[in-house]
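Here's a quick tour of a multi-chain model. Have the viewer open while you read.

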Amino acid sequence: MAATVLWVYVGSVLWSVRISVSSSRTLPIGDYVGLRQYARLFDSERWTLSLQNMALFGVLFIVACLAIGFLLAVFIDQRVRGEGVLRTIFLYPYAMSFVATGLVWQWMLNPELGLQATVRGWGFPSFTFDWIARQDAVMYAIVVAAVWQACGLVMALMLAGLRGIDESLWMAARIDGIPPWRVYASIVLPMLGPSFGTAFVLLSVSVVKVFDVVVAMTQGGPGLASEVPAKFIIDNLLGRANIGLASAASTVLLLTVLALLAPWFYARAHASRRGERVARALRASETPGMAA
Amino acid sequence: MNVSIKQLAVRMGANTVLSDLDLDVVAGEFLVLLGPSGCGKSTLLHAIAGLIDTDAGSVHIGGRDVTWADPKDRAIGMVFQSYALYPTMNVERNMSFGLRVAGLPKAEIARRVERASKMLQLDPLLARKPAQLSGGQRQRVAIGRALVREAQVFLFDEPLSNLDAKLRTELRRELKALHRDLGATMIYVTHDQVEAMTLATRVAVMCAGRIQQIGTPGEVYARPANMFVAGFLGSPSMNFIEGEIDGTAATLGLRPEHIALHPADGALPAAQVTLVEAMGAHEVVWLDLEGHRLAAIAPAAGVHAIGDRVGVQMMLARASVFDPVSQERIERSAVSFRRRPR
Amino acid sequence: MSALAQAAPGLGDDAIAERRHGLRRRPGGRMPRPARIGLYVFLFTAALMFLLPLYVMVATSIKPMEEIRLGNLFGLPVRITLAPWAQAWMSACTGLECGGIRAGFMNSVAIVVPSTVLSILLGALNGYALSFWRPRGAQALFVVLLTGAFIPYQVMLFPLIRALAALGLFGTLPGVVLIHTLFGMPVMTLLFRNYYAGVPHELFMAARIDGGGFWRIFVQLMLPMSLPIVVVATIMQVTAIWNDFLIGLVFAGHDWLPMTVQLNNIINTTTGERLYNVNMAATLLTSAVPLAVYLISGRWFVRGIAAGAVKG
């Protein structure tokens with residue numbers, strides 16, 4: 001039965017790719033036009049813009065989430081009182097839907113009645129925070145909302161990683177005279193490599209799929225300023241009845257995801273193979289006495 | 001360098017783990033802190049290391065009061081049960097990291113690492129990461145980390161507990177040789193009395209936060225200060241028989257190797273064999289002597305079988321006598337000991 | 001402290017006091033007092049910033065519109081009114097209809113329950129099969145499943161729309177449930193497979209020796225043992241499916257729009273004045289279920305994240 005699911009997945013993907021090399025508009029047409037849809041795609045300003053937005057969003061979102069999530073985890077790990085409460089507070093946004101997140105932040109960043117108006121009301125008449133209404137800054141607003149939602153996840157992952165570090169490592173470092181910040185920098189961070197890797201992959205996949213929060217927060221606006229690939233695809237698929245184009249765009253998106261996943265898969269497979277090799281070598285080399 | 005502890009007290013929350021503890025470790029000796037889980041031996045070791053703070057008392061190392069000094073200023077090195085090697089650094093960096101952080105000149109660091117590496121035969125392993133080392137190799141790296149700090153006192157927190165039996169015996173011998181070569185003061189925590197007996201120049205047996213007895217392995221084995229120490233050392237453990245000497249209640253402590261078994265004749269007290277454990281080189285024979293359960297060691301010859309009746313000869317000259325109430329050792333001859341029937 | 005002073009005269013009481021006040025039996029060392037204070041300040045500030053949107057949501061939802069128009073986002077409500085909540089629930093307008101978000105709630109429930117049950121059952125079954133029965137090509141299947149968990153849905157949308165339409169299921173409840181189940185399978189299979197990988201193989205072999213077949217072992221041995229992971233899986237699926245937007249938007253048709261889609265419709269397709277208090281009330285109502293699941297499940301939620309993150 002897993003095989004059936006597999007067939008559905010593989011089948012739909014293949015079908016999509018097939019449509020992307022046809023001239024289908026509202027309904028699938030069985031002709032073959034080569035890569036014409038792809039050419040149209042990359043000629044489209046809207047598509048190029050959506051890719052740029054996704055890249056910008058991706059970099060800012062991932063860096064901010066990793067940094068803030070890591071910091072929060074480190075700080076919470078310092079045996080603070082109320083650790084449970086703090087963890088609950090930092091992680092609750094992740095339980096909310098992206099739609100709700102987008103809507104809340106849309107409200108909060110509303111220039112007339114939200115943050116900007118409030119701070120101005122406190123006596124700072126020249127305070128501006130109208131990112132959400134500006135074409136050149138709207139993506140930053142979306143980043144803020146998305147980071148608010150997702151850094152709890154990174155924090156949870158990092159905290160799990162930190163808790164996996166043996167206490168005696170800290171004691172050994174203390175005896176070696178290594179100050180705590182140096183322990184974090186030179187020992188803990190490298191050890192958290194896998195956690196960072198996992199977080200990075202999860203976040204990147206969210207970046208590629210980003211849709212809900214944009215639709216809810218800005219509907220892609222103002223104008224087309226916050227257009228993202230996922231939205232481009234849906235609009236062309238359902239709204240503008242341009243399924244050939246949409247399929248081409250989906251295929252590009254898929255390839256991007258695969259390109260992101262492949263190194264991660266390879267790294268994990270490589271690590272497990274290396275682990276097996278090391279274990280075998282160790283068993284062979286275990287000889288009595290001081291011989292290496 | 002010697003280590004001197006006076007009136008040490010350590011409290012963890014509501015628990016008093018150590019109170020009023022005195023200990024003098026002679027320079028160059030191998031002192032083993034031996035005791036069951038929870039007796040405070042690890043706490044004592046961590047207090048000597050400076051990893052936990054003390055509530056009263058003082059710790060002196062080499063004549064210097066280090067009670068409030070940081071671990072790094074105490075000239076100590078420590079080897080943990082899990083070795084605690086930095087997993088993302090290779091062996092060479094593991095050993096040199098602390099020195100680099102302290103800002104030592106490169107040449108000096110290289111010199112120290114080379115010296116330690118030679119002494120511990122780590123040269124072919126310097127580029128490897130801990131995950132690529134065997135348990136014994138990791139232990140040597142952990143010791144090497146302490147060596148490069150030119151530590152005067154080495155602390156060991158149950159370093160062999162994670163290993164399988166065969167490896168444990170190998171590494172025990174290596175440690176003993178290392179102590180001989182280095183001549184450094186070593187304080188070693190374990191619950192394994194075999195490790196204690198083979199490694200120690202002196203053993204401190206601990207229970208419930210107090211040192212019950214401290215002495216050479218031979219002393220502690222042959223003349224235990226109380227019934228706890230007597231029962232903790234030796235396997236199978238000492239036999240205890242209630243009775244009296246000249247009218248005073250006394251408990252006789254007799255080691256299994258000090259009971260000789262003879263064919264049952266009328267002269268010796270008679271016992272019934274309840275179980276025989278063949279150990280290869282010898283046998284452990286479990287006896288029922290008028291209700292007292294005893295273990296005796298006999299040469300392995302397949303002589304004894306369950307149900308046999310044997311004559312029991314006790315070498316009372318080697319026995320210990322304890323007060324049944326206080327469980328302390330009494331200096332009395334056991335010659336006139338009389339069993340109380342059960 | 002006086003006992004110490006007696007035992008070690010000459011060590012200044014201040015030095016001792018300072019060290020002992022900053023005392024924390026932490027293996028990494030004592031943290032100096034100012035650093036500790038800075039730590040708490042940072043964490044407190046961060047917590048406040050995280051809670052701010054929640055506060056704004058709640059506050060806005062119980063303010064009358066006159067107060068909102070004053071443009072004071074953080075102010076406490078002067079007059080508390082629950083009318084926006086009633087309106088959001090029963091009479092808010094989503095495009096053409098003005099029946100409130102209540103219908104969406106019912107739809108979401110109708111979607112979430114069967115989808116969760118089905119995807120968990122199937123995931124457990126698959127995970128069990130992959131773990132213990134090791135069919136040919138299991139390893140390759142595993143990799144494909146893993147990839148499938150990450151694929152953006154858009155790439156499969158059109159073919160699935162056509163397929164569902166052909167089956168007459170497009171825009172129906174069973175159709176939506178089917179899609180959710182389909183998309184949930186990879187993650188659930190991986191979750192259960194990883195869990196069963198931790199079950200000793202000897203247990204399975206003993207059951208086979210006792211005469212158990214595929215189904216019997218699954219139903220009588222594995223399923224009962226799987227309670228912890230079922231809890232985790234339930235939390236993950238309920239949260240994910242309730243919060244879903246895209247699948248509901250595309251496949252649910254007009255009659256079965258889930259709460260998230262209706263919420264977006266209410267807020268972003270309004271003519272006339274926007275009733276921000278109603279909007280926020282609606283948002284809270286939509287988030288109520290997953291937030292409740294989150295708060296109740298606590299540790300299990302985090303375990304879900306860890307389990308989902310360690311895919312494969």
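## Where chains C and A meet

In this predicted model, 67 residues of chain C are in contact with 72 residues of chain A. On the chain C side, helix H3 (residues 33–61) brings the largest share, with twelve residues. Sort that side of chain C by class and you get 45 nonpolar residues, 19 polar ones and three charged ones.

## A helix pair across the chains

Now zoom in on helix H5 (residues 98–108) of chain A, which packs against H3(C) with the axes 10 Å apart and an angle of about 75°. Angles of 65 to 115 degrees count as roughly perpendicular, so that is the label for H5(A) and H3(C).

Which residues do the meeting here? From H5(A) they are A:Val104, A:Trp107 and A:Met108, and from H3(C) they are C:Pro53, C:Val56, C:Met57 and C:Thr60. By class, the contact between H5(A) and H3(C) has six nonpolar residues, one polar residue and no charged ones.

## The sheet in chain B

Over in chain B there's an open, antiparallel sheet of five strands, ordered S13-S17-S14-S15-S16. Strand S13 (259–263) and strand S16 (292–299) sit at the edges with a single partner strand each, so each has one side without a neighbour in the sheet. From one strand to the next, the twist averages 45°.

Further in, strand S14 (residues 270–278) and strand S17 (residues 309–314) of chain B pair antiparallel over three bridges. If you want a spot to look at, B:Gln272 stands opposite B:Arg309 in S17(B).

Technical notes:
Residues numbered from 1 in each chain as written. Chains lettered and ligands numbered in written order. Predicted model: local features only at pLDDT ≥ 70, side-chain atom pairs only at ≥ 80, totals over all residues. Contact = placed C-beta atoms within 7 Å. Helix = DSSP H or I, 4+ residues; strand = E, 2+ residues; numbered from the N terminus. Nonpolar A, V, L, I, M, F, W, Y, C, P; charged D, E, K, R; others polar. Pairing = 2+ DSSP bridges. Axes fitted to C-alpha atoms, helices over the stretch in contact; angles between N-to-C directions. Parallel < 35°, antiparallel > 145°, perpendicular 65-115°, else oblique.
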